[in-house]
Each structure stands twice: as C-alpha cells, then as structure tokens.
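Subject: Structure handover

Hello,

Here is the structure for you to look through. Please open it first and keep it beside the notes that follow.

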Amino acid sequence: MTAPLVEANGAAIPALGLGTWEATNDACIAAVQWAIEAGYRHIDTAARYGNEEAVGQGIRASGISRDKLFVTTKVWYEDLSESNLMRSAEASLRRLGLDAVDLLLIHWPNASIPLKETIKALGRARRDGLTRHIGVSNFPVALLDEAVARSDEPLVANQCEYHPYLDQSKVLDACRRHGLAFTAYCPLGRGQLLDERTVVEVAERHGRTPAQVVLRWHVQQPGVVAIPKSANRERIAQNIDIFDFALDEDEVARISGLARPDGRMIDPSWAPAWDKAA
Ligand code: A2P
C-alpha cells in the first residue's frame, strides 16, 4: 500500500514514512528495504542517528528509482552555524549516497546560535541543491513563528513528538497557519499506546491492530504525517496498511481523550532553546 501525499508549501510528503531512530547497520538496511517493498515512499533519518549509510544501502538494495522516494535528514543542533550546517548536509549526502535529500531539517533549536544565521544557511542549502525542501524539528510555537518570519525560502515541515498521550494542538495549529506539514515522530508513544484499553477496543471493532488505529488517528488529521519506527518486517507492512478504513468522530475523540500532562516520551529539557517553548 502507498500513502497519500500531504501538500505543504510546495512539497508533497507521503503521509506515512519509516522512522529509523535507533536502527543501525544490517537491521536498518533491512528495515528500509522491507519498507520500500511494502510501499513506503518516505524514509526519515538524521546525521545524529548514525545510520545514514545504512539507509542509503537499504534504498539502493530496494532498486527503487530515486525520484519515487522522499528522504529526510536532519542537522544536529551543535552544527547550526552557516559553515557547519553546510558541512553537515554535505556529509549526510555522502553517507546516504544521494545527490540531494528531499527535506533537510534543523534537528533541535539551539539558542546559542542565532536562528537568523541557521535559517539563512538552510535556505542556502536549498538554493545550492543539497535539498529540495527545508524545515525544522522540535520547534515550539514561538520559535516556529520566528523561523517562518526569518526564512526567504518556504519551510515545509515541523517534526515533533506526537501521539494520543501528547496534546500538540498549539503546534499543530501553528503549522497549519503557516502551511507546514506536522510530522509526528514517536507516533506510537514508543509502543506504550498499544495496550491502552480504548485503542484496543477501537482496533477490535475495526478488525485492525492497535498500531494501525493509532496511526490512522494521525493521518486522518489534515496536514499530519506519521513516521513510525519498526525493525520488524510484518509490523513495517502493517503500519502502512491504514488507508482503507477510517475512524469515526467519536472514536477520534475517545483516542484524543487519552492526552495527559505527562504524555511526553522524549524529555526536551536538555535542548538549548526549549525554554522558549511557551
Ligand atoms: P519493533 O521495531 O520491534 O516493531 P514509535 O514509532 O512511537 O517510537 O514506536 C516504536 C516502537 O513501537 C518500537 O519499539 C517498535 O518495535 C514498536 N512497533 C512499531 N510498529 C508496531 C506495531 N505495528 N505493533 C507493535 N509494535 C510496534
């Protein structure tokens, strides 16, 4: 099954992609290959994940033509000066074995490097042909507003943690206001949502798995893209097999009702600009 596209400021992003955080070496090569065989056309990696070479090998092993695939990578927050960002992007392309990625993101904001400089560098990476599109990750509303205001080139996505335990309505509204896609990482709450009674009940009603119900909840929301991580062939295929059923309003509301104040799985407190989160 292939995923529909989410249109965002000139980019067309497959609504379901493969997350690769913590997948390395042969397991990562296999996961990428299985994903492409199962119909995935969107693969997400990052310089920091240490798996760009494996992602590149998986892509080549799949035999898919480059123009059919949407590949995202990210620049680590310590490399956000203009020269470091360009160097990081070039090194990512070398490791991936690609001439350009489809989307280059700032992985986390960094208050000690002026956002103005980073956004300018990101725009240059696009103009120089290193990436077709640019965007950000882990940007709270105020920083996202600032990034959009400072950018001469369109930003197309903000990638953040998002799943039913974590209410992200403010960031989602900001993404929609600016025409960006909201890419949800850890969409399964690192697997913790899958035993949740409400999710299991809805899954049983549809004859689907809990993971499929949670991912369906994401992709039914306008502008939302989900990138579940799995290293298992069956689960990789299962996670994209979600475009032939729909949750009704009541089911969506019940699942959204699982949000809780401590719903975040990834603690952002170490990130140098997180205090601008409000
Ligand atoms: P595995 O790699 O063994 O499949 P998230 O994307 O929210 O971080 O969740 C990733 C976690 O969820 C991983 O531990 C992954 O394990 C597990 N997972 C991914 N897809 C499924 C699925 N369809 N059913 C059950 N667990 C899943």
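Helices (H or I, at least four residues) and strands (E, at least two) are DSSP runs, numbered from the N terminus. Two strands pair if DSSP finds at least two bridges between them. On these terms S1 and S2 form a hairpin with two residues between them, and in the turn Asn9 has a positive phi of about 50°.

Some notes on the source come next. This is a predicted model, in which local features need pLDDT of at least 70 and side-chain atom pairs count only at pLDDT 80 or more, while totals for chains, interfaces and linings use all residues. Residues are numbered from 1 along each chain as its sequence is written, and side-chain values use heavy atoms, with hydrogens and water left out.

Strand S1 covers residues 5–8 and strand S2 residues 11–14; the two run antiparallel and are joined by four bridges.

Eight strands form it with parallel pairing, in the order S3-S4-S5-S6-S7-S8-S9-S10. Its edge strands, S3 (18–19) and S10 (224–226), each pair on one side only. Two bridges link S3 to S4 (residues 42–44) in the parallel sense, and Gly19 has Asp44 in S4 as its bridge partner. In the loop between S3 and helix H1 (25–38) lies Glu22. The phi of Glu22 is near 75°, a positive value in a residue other than glycine.

An N or O atom in the side chain of Ser230 is 2.6 Å from an oxygen atom of the ligand. In Asn239, a side-chain N or O atom is 2.8 Å from a nitrogen atom of the ligand. For Arg190, a backbone N or O atom lies 2.9 Å from a ligand oxygen atom. Arg190 is placed in the loop between strand S9 (181–185) and helix H7 (197–206), and its phi is near 55°, a positive value in a residue other than glycine.

Regards

How values were computed:
A polar contact is a pair of N or O atoms within 3.5 Å; within protein, one must be able to donate a hydrogen and the other to accept it, and residues adjacent in sequence count only if both atoms are side-chain atoms.
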